[in-house]
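Hi,

Here is the structure I promised to pass on.

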Amino acid sequence: MNHAFDAGPSRHQSQLQVLEAEAVYIIREVVAEVERPAMMFSGGKDSIVMLHLAAKAFAPQAIPFPVLHIDTGHNFPEVLQFRDVCVATYGVNLVVGSVQDAIDRNVVHEDRSGSRNRIQTPVLLETAAKNGFNALMGGARRDEEKARAKERIFSFRDEFGQWDPKDQRPELWNLFNAQVHIGESMRVFPLSNWTELDVWDYIAQEDIAVPPIYYAHRRAVFERNGMWFAANRFCLPAEDEPTSVRNVRYRTVGDATLTAAVLSDADTVEKIIAEISATRITERGATRGDDRFSEAAMEDRKKEGYF
């Protein structure tokens, strides 16, 4: 029987202490209950915080599971470099599922948009199956977009890797059911109760390093659909999209073909916290082009097997 986590804060606990304790408890539960877990790790701020929490959960021992990155081939170079630094620092094994390799093997095919976000899903499922991972921990938070708020902390996936929002297990008193049959799996979200602001407050408190792309810097960008995209080999401006050099930073660091920057002068953690505190637009709503196609875009992808 699992021992439930008491999420009620005492007078001596801060909000971040409660969130940290809950996340550590969830990560330990995954290791205790699941045969072969892994942690999704892209080198982005949420996955960096999650890896930091995993190190705390098992200190002074090593982190007892590998980390997994689904590489679209369209990543920001700064993020990939930071990913590798983190992997070396924490001494964890990195497993990479390559979208480009899947394209070369005719497992998946690119569409005309050039975005590889949609074709990450079969690569994720193939890589997880190849390595026998039956629980994947991810850094999703419930303030990201609407589909996240529907999902449990331990999210059951069927033998096809698919999620059914109507077939979720209850988590009364923070008791988690991690039992799966052969072929089934779990997605687990230790940061479910965190917000973007909580993540940055925790980065400040713990003095956690993140890729410099999160801080304001000068970059060649162009405007498309009300968003500022970096001009690079993955994302080229059209003839009617003039390029200019502006002060920008990234709130999220997904696929470079559809992840936009925001105009900003926030070049320190403290300035970022002040900026986020004043905004009413979620990071995905402000910077992710794929989420603007439909309010149900993420939910549709999760039903197909996306994380």
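Methionine 39 sits opposite valine 67 of strand S2. That pairing belongs to a stretch where S1 (residues 37-40) and S2 (residues 67-71) run parallel, joined by 2 bridges. As for terms, helices (H or I, at least four residues) and strands (E, at least two) are DSSP runs, numbered from the N terminus, and two strands pair if DSSP finds at least two bridges between them.

Before going on, a word on the source: this is a predicted model, where local features need pLDDT of at least 70 and side-chain atom pairs count only at pLDDT 80 or more, while totals for chains, interfaces and linings use all residues. Residues are numbered from 1 along each chain as its sequence is written, and side-chain values use heavy atoms, with hydrogens and water left out.

Back to the sheet. It is open and has 6 strands, in the order S3-S2-S1-S4-S6-S5, with mixed pairing. Strand S3 (94-98) and strand S5 (154-157) are at the edges with a single partner strand each, so one side of each has no neighbour in the sheet. On average, neighbouring strands here are turned by 30° against each other, direction ignored. (Axes are lines fitted to C-alpha atoms, for helices over the stretch in contact, and angles run from 0 to 180 degrees between N-to-C directions.) Helix H5 (residues 120-131) lies across S1, S2, S3, strand S4 (135-137) and strand S6 (185-188), and runs at about 145° to S2.

Next, the salt bridges (a side-chain nitrogen of Lys or Arg within 4 Å of a carboxyl oxygen of Asp or Glu). There are 13 of them in the structure. One of them joins glutamate 78 to arginine 219, with 3.2 Å between the closest N and O atoms. This pair links distant parts of the chain, 141 residues apart: glutamate 78 is in helix H3 (residues 77-90) and arginine 219 in strand S7 (residues 217-224). For accessibility, buried means under 20% relative accessible area, exposed over 50%, and partly exposed in between (1.4 Å probe, protein chains only). Glutamate 78 is partly exposed at 23%, whereas arginine 219 is buried at 16%.

Then there is arginine 251 with glutamate 196, whose closest N and O atoms are 2.6 Å apart. Arginine 251 is buried at 6%, and glutamate 196 is buried at 4%. You'll also find a network of salt bridges linking Lys45, Asp46, Arg141 and Asp143.

Which residues does alanine 266 contact, leaving aside its neighbours within four places in sequence? They are Tyr215, Ala216, Arg249, Lys271, Ile272 and Glu275 (contact means heavy atoms within 4.5 Å). Alanine 266 is in the loop between strand S10 (262-263) and helix H8 (269-278), and is buried at 4%. Its C-alpha atom is 6.2 Å from that of tyrosine 215, which is 51 residues away along the chain. Lysine 271, from that contact list, forms a salt bridge with aspartate 267 (3.1 Å, N to O).

Finally, the cysteines. The count of disulfides (pairs of cysteine sulfur atoms within 2.5 Å) is 0. Cysteine 86 is buried at 7%, and cysteine 235 is buried at 3%.

Cheers
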